Amino acid sequence: SSSLKTLVVGREGLRPGRFYITSPARRSYVGDDGVRVLADGLKANASLTSLDLRYHRVGTDGARALADALRGNASLLVLNVNGNKVLSDGAQALAHALKRNTSLLTLELGD
């Protein structure tokens, strides 16, 4: 949707080309592949302001994809990647992206 403001990805995850309303009881995760799909969409999205990817097995590759998307995105205000395995290389990629991105106000990145 062009007016989508917040996307919370549930445990069932996300599949390319579709958004799902999910049940938190399921044990499925977005992972780096799903984050790449999200990041591609984020590059062209001008309305999403909050993206919550807590505990979705996002690793360094996923963080790099998000960092690449953040460089050109001007709408995202909040990004939560708590509880993932971003590691120092992924965190560094996100930090470098923030040098160009002036819209992101909150980046939650922890265990």
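Predicted model: local features only at pLDDT ≥ 70, side-chain atom pairs only at ≥ 80, totals over all residues.
View A. With a relative accessibility of 15%, Thr 60 counts as buried, since buried means under 20%. When residues up to four places away in sequence are not counted, Thr 60 touches Asp 32, Lys 85, Val 86, Leu 87, Asp 89 and Gly 90.

**View B. Helix α2, its length and its buried residues.** The 13 residues of α2 should span 18 Å at 1.5 Å a residue, and the computed separation of its end C-alpha atoms, 19 Å, agrees with this. Thr 60, Gly 62, Ala 63, Ala 65, Leu 66, Ala 67, Ala 69 and Leu 70 are the buried residues of α2, and what covers them includes helices α1 and α3 together with strands β2 (50–52) and β3 (78–80).

View C. Buried in α1 are Gly 31, Asp 32, Gly 34, Val 35, Leu 38, Ala 39 and Leu 42. Seen down the helix axis, the buried residues of α1 fall within an arc of 150°, and they therefore line one face of the helix. An α-helix has 3.6 residues a turn, so residues three or four places apart point the same way. Turned away from the buried side of α1 is a face that carries the exposed residues Asp 33, Asp 40 and Ala 44.

**View D. The contact between helices α1 and α2.** The axes of α1 and α2 (residues 60–72) come within 8 Å and cross at roughly 0°, so the two helices are roughly parallel to each other. On the α1 side, the contact is made by Asp 32, Val 35, Arg 36, Ala 39, Leu 42 and Lys 43, while α2 contributes Thr 60, Asp 61, Gly 62, Ala 65, Leu 66, Asp 68, Ala 69 and Gly 72. Sorted by class, this contact of α1 with α2 has six nonpolar, three polar and five charged residues.

**View E. Leu 105 in the loop between α3 and β4.** Leu 105 lies in the loop that runs between α3 (87–97) and β4 (106–108). Its relative accessibility is 67%, and Leu 105 therefore counts as exposed. Although Leu 105 and Val 78 are 27 residues apart along the chain, their C-alpha atoms are separated by 6.1 Å.

Conventions. Residues numbered from 1 in each chain as written. Heavy atoms only, no water. Buried < 20%, exposed > 50% of the residue type's maximum accessible area, 1.4 Å probe, protein only. Helix = DSSP H or I, 4+ residues; strand = E, 2+ residues; numbered from the N terminus. Arc of directions from axis to C-beta. Axes fitted to C-alpha atoms, helices over the stretch in contact; angles between N-to-C directions. Parallel < 35°, antiparallel > 145°, perpendicular 65-115°, else oblique. Contact = heavy atoms within 4.5 Å. Nonpolar A, V, L, I, M, F, W, Y, C, P; charged D, E, K, R; others polar. Expected span 1.5 Å × (residues − 1).
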